[in-house]
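Here is a short report on a protein structure. Take a look at the model, then read on.

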Amino acid sequence: MQANARALATVTERAREAWRPSHLGLLLPALLILIVFFVYPVLGVVYRSVYRNGFTLQFYQKMFQSSVYVTVIWLTFRTASLVTLICLVLGYPLAYFLTGVGPATARILMALVIFPFFTSVIVRTYSWMVLLGRSGFVNASLLALGVTSEPLRFLHNQTGVLIGMTYVLLPFMVLTLYSVMRGIDPDLVRAAHSVGATRFMAFRRIFLPLSLPGIVGGGLLVFILSLGFFITPALMGGPSDVMIAMLIQREVELTVNWSFASALAVALLALTLAGFLLGSRVVGVNRLFGGRA
Amino acid sequence: MIGSEGQRHGFGAVGLGLLAGATLVFLIAPVVIIVIVSVSSSEYLSFPPAGLSLRWYERFLGDPSWGRAIWVSIQVGTLTMLFATSLGILAALALIRGTFRWKGAIYAFLLSPLIVPTIISAIGLYFLVARVRWMGSVLAMALGHTVLALPVVVIIISATLQGFDERLEQAALSLGASRWRAIRKVTLPLIGPGVLSAALFAFLTSFDELLIPLFLSGVTSQTVTVKMWNTLQYWMDPSIAAVSTFLIGVTGAILTASALLRRQDQAR
């Protein structure tokens, strides 16, 4: 018996060891594609942001010279913060509810969360453009219920942007929160009940703190993703609702100011990476993507 | 599960259920409503619809430029699927089986496209493609999408491989099969459903993508998403609802197929 186990172990080891030289070979095609069509273009953007007829920081300086660009950056941060807050407020109860239902129900409800998640962003944004129009469903309902006397303007303003972005990002929040909440041992809450805590106290003292990694992880993820948003604010925002990614697109396509666009892109990239680094410090990196730690 | 011992009852639980239900409605209703709007007879994108009609589908399917756009999306998606899946299988095999030192770093590198905002890689590719005069190329778009799809494929296939019992392959080896034969006859069929699922998601990632084709496509090589974007810049054409329903259908088909594949996998 032991001889067989030892033999199997040797075969396993030898099988693994013998693979080693070809392993890097297996990785090479994927790494090459990434380097040529991802790393090289992104490095090109960084390069373009600091080099034109010599190295210069003028394009970064330009960002702070005009109040227009500072406003855009500020608006991007503000929108991202608001979207994160709304997603948290809507997503936490849903995730908490999902932990309390049976596994079959949870799977069905999860499918309802995941299905829009895999639909194209432009389809999801367009759906809200239809819903929020002057004669759309929301206004029609409000008028029919007598809540308002004339159609409200939800589109082409900040409200539309917030609704649209929340809609796209909510699944990220729910998935992250749910994955963390699932790992919370229900016995801990039961133990609190058994020593006399009310349901609310048990929630506040036990469950809520334990779900904090999910709140921070989900919040950071939604915030960082919001920073780089383009499609939704472009379609649902008004002329003054410009976010960084929209500005980048304009500078590339309209004013053909590639260097300045690159500087903006590098700024966005730096903020994004800083955010993820912060996130991976505060929370386990796995949890940021909704996996189990 | 917290609720499994009946601790969720009373006003708090009802309130929670209502709130959660409202959020779920918020998530799923827009998709449903778009499908309904696509069969409405009214010009005005109102809901509920005044009557039923297939005219938006007629306009969508009868317009050759939409047909061209769909064909471009299919081409780009298929190429992406092929590239990402083949590269992804190799990478996942190396990562799961290998015992080399920089595995964690390489894995993080393979996942890095998920972290970088797509607008940045899109303009980077645009600068690159414009310089080498490769604008409007289906292949260029596919390669750009492959970069986005690769992390998804690697994650899915890695998970599949982790669930795969290597001893089955070693049994084949010990019975005298060459390594390549063992992989072909034992490993690949067993990880088949996972690989197929990854391939479908690679296709979907490409099909849904807007930012990269927005910069890389030419006038004649627009994808469906780009054409939607361009149309929406000018007016809220109700036939977009038909196009949206079409895209929703593609998503639904792929998610269903993937779920069925996963069930087939678990049944083994």
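Is A:His156 buried, partly exposed or exposed? A:His156 is partly exposed, because its relative accessible area is 42%. One caution before going further: this is a predicted model.

A:His156 sits in a loop of chain A, between α6 (137-144) and α7 (158-182). Its phi is positive, at about 55°, although A:His156 is not a glycine.

A:Val256 is not a glycine either, and its phi is positive at about 50°. Look for A:Val256 in the loop between α12 (244-253) and α13 (258-282) of chain A. A:Val256 counts as exposed, because its relative accessibility is 53% and the cut-off for exposed is over 50%.

**Chain A as a whole**

What makes up chain A: how many helices and how many strands? Chain A has 14 helices and zero strands. Follow the sequence and the pattern reads α-α-α-α-α-α-α-α-α-α-α-α-α-α.

Chain A has 293 residues, and 49% of them count as buried.

Now consider contacts within chain A. Take those with a separation of 6 or more. Of these, 70% are between residues 24 or more positions apart.

**Where the two chains meet**

How many residues of chain B are in contact with chain A? The count is 90 residues of chain B, in contact with 85 residues of chain A. The size of an interface is often given as the accessible area lost when the parts come together. Here chain B and chain A bury about 8,300 Å² between them. Carbon and sulfur atoms account for 79% of this buried area.

Which helix gives the most to the side of chain B that touches chain A? Helix α1 (residues 11-38) of chain B does, with 14 residues. Sorted by class, this side of chain B has 61 nonpolar, 19 polar and 10 charged residues.

Between chain B and chain A there are zero salt bridges. Polar contacts do occur between the two chains: five residue pairs are counted, with both residues at pLDDT 80 or more.

**Salt bridges**

Side chains of opposite charge can pair when their charged atoms come close. Over all chains, the count is two salt bridges. The table gives both.

| Salt bridge | N to O distance |
|---|---|
| A:Asp187 and A:Arg190 | 2.6 Å |
| B:Arg59 and B:Asp237 | 3.2 Å |

Start with the pair in chain A. A:Asp187 and A:Arg190 both belong to helix α8 (residues 186-194) of chain A. They are three residues apart, so about one helical turn separates them. A:Asp187 counts as partly exposed, at 44% relative accessibility.

Turn next to the pair in chain B, where B:Arg59 and B:Asp237 meet in a salt bridge.

B:Asp237 is buried, because its relative accessible area is 7% and buried means under 20%.

Definitions and conventions:
Residues numbered from 1 in each chain as written. Chains lettered and ligands numbered in written order. Heavy atoms only, no water. Helix = DSSP H or I, 4+ residues; strand = E, 2+ residues; numbered from the N terminus. Buried < 20%, exposed > 50% of the residue type's maximum accessible area, 1.4 Å probe, protein only. Contact = heavy atoms within 4.5 Å. Buried area = accessible area lost by both parts, 1.4 Å probe. Salt bridge = Lys/Arg side-chain N within 4 Å of Asp/Glu carboxyl O. Polar contact = N/O pair within 3.5 Å; in protein donor to acceptor, adjacent residues only side chain to side chain. Nonpolar A, V, L, I, M, F, W, Y, C, P; charged D, E, K, R; others polar.
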